[in-house]
There are 2 protein chains.
Amino acid sequence: MLTSPPTGTGRRPGGLVELDRGACLRLLATTDIGRVVFSHHAMPAAHPVVFLLDGEEIVFRTCRGTTLAAATRNLVVGFQADHIDPVTRAGWSVLAIGESYEITEPRRLGALHEQLPPPWAPEHIDHVLSIPAQHVTGRRLG
Amino acid sequence: MLTSPPTGTGRRPGGLVELDRGACLRLLATTDIGRVVFSHHAMPAAHPVVFLLDGEEIVFRTCRGTTLAAATRNLVVGFQADHIDPVTRAGWSVLAIGESYEITEPRRLGALHEQLPPPWAPEHIDHVLSIPAQHVTGRRLG
């Protein structure tokens, strides 16, 4: 288990406002597209996924054999989501970090498949991974 | 210098379409918001930035003392941008990787400051960093 960050809300250099854990989780719940942040062949990588916030876990589907499936199971990975107005550039960004795992319990899987947003391709349904949001940081921008 | 990936365009498992380097760079030029992907205290991180594609380099401003400035100078880092329709979920995602460096040459800095999009906070102007897009991958989604 990763240690939690301080939960206070504070102003950062440059006027960006840090958000506490509760605010970050509430913002994550407002979207269903984010990016899994991981290492692949020792290089930084980030791939978009459609996801569901299940309690305090980020849940998404991957396809066996993909980079994402190989590089994110049972590893500490990041998950980033944001919403930034393209004109005013105001918005928010949240980064969650946790040790990912595959969800295999049939009852939970069944419930998740009913709730998960449609995947980009129908083949993307053979793994359901979770990133528990063990460490969460975020900020308001602009 | 990182080696370049194959430049072919191909279909991935799940029907995602891989894009070649030229297509990726053209897509990067259509936006000015992306995310720097890096490690911070050995943990995955991704922070949004407003950026300019200067030739084949991703250029953005940071503030001295920020995590981003500390964790991205003279290191191999990633840069991810995407555009995904929130309703249809169709879109694209591009990931560039390169060794970042600070731009200090006065004439180039002057020209960049005129072209760079406004930063989230006016204080965010004391460093201008570049990530040369040495390795670029991308895909169409949905």
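B:D82 lies in strand β5 of chain B, where strands are DSSP runs of E with at least two residues and helices are runs of H or I with at least four, numbered from the N terminus. Before going on, note that this is a predicted model, with local features needing pLDDT of at least 70, side-chain atom pairs counted only at pLDDT 80 or more, and totals for chains, interfaces and linings using all residues. Residues are numbered from 1 along each chain as its sequence is written, chains are lettered from A in the order in which they are written, and side-chain values use heavy atoms, leaving out hydrogens and water.

**Around B:D82**

At 12% relative accessibility, B:D82 counts as buried; the scheme is under 20% relative accessible area for buried, over 50% for exposed and partly exposed in between, with a 1.4 Å probe and protein chains only. Leaving aside residues up to four places away in sequence, B:D82 touches A:R35, A:P48, B:R35, B:W92 and B:S93, contact meaning heavy atoms within 4.5 Å.

The side chain of B:D82 also makes polar contacts with two side chains: that of A:R35 at 2.6 Å and that of B:Q80 at 2.9 Å. A polar contact here is a pair of N or O atoms within 3.5 Å; within protein, one must be able to donate a hydrogen and the other to accept it, and residues adjacent in sequence count only if both atoms are side-chain atoms.

**Salt bridges**

A salt bridge is a side-chain nitrogen of Lys or Arg within 4 Å of a carboxyl oxygen of Asp or Glu. Searching the whole structure gives 14 of them over all chains.

| Pair | N to O distance |
|---|---|
| B:D32 and A:R89 | 2.5 Å |
| B:E57 and B:R108 | 2.9 Å |
| B:R108 and B:D54 | 3.0 Å |
| B:R35 and B:D82 | 3.8 Å |

B:R35 sits in strand β2 of chain B and B:D82 in strand β5, so their pair ties together parts 47 residues apart in sequence. B:R35 is buried too, with a relative accessible area of 5%. A:R35, A:D82, B:R35 and B:D82 are linked in a network of salt bridges.

What about B:R108? That residue is partly exposed at 24% relative accessible area, and B:D54 is partly exposed, also at 24%. B:E57 lies in strand β4 (residues 57–62) of chain B and B:R108 in helix α3, so this pair bridges parts 51 residues apart in sequence.

**The interface**

Chain B and chain A each put 40 residues into the contact. Together they bury about 3,200 Å², 66% of it on carbon and sulfur atoms; buried area is the accessible area (1.4 Å probe) that two parts lose on being put together, summed over both. Across this interface there are four salt bridges and six residue pairs in polar contact, both residues at pLDDT 80 or more. On the side of chain B that touches chain A, β3(B) gives the most, with seven residues. By class, that side has 22 nonpolar, 10 polar and eight charged residues; Ala, Val, Leu, Ile, Met, Phe, Trp, Tyr, Cys and Pro count as nonpolar, Asp, Glu, Lys and Arg as charged, and the others, Gly among them, as polar.

**Symmetry**

How can chain B be laid on chain A? A turn of 180° with a shift of 0.0 Å along the axis does it, at an RMSD of 0.0 Å, superposing by least squares on the C-alpha atoms of residues with pLDDT of at least 70 in both copies. The two copies are thus related as by a two-fold rotation axis. In chain B, the C-alpha nearest that axis belongs to B:V37, 3.7 Å from it.
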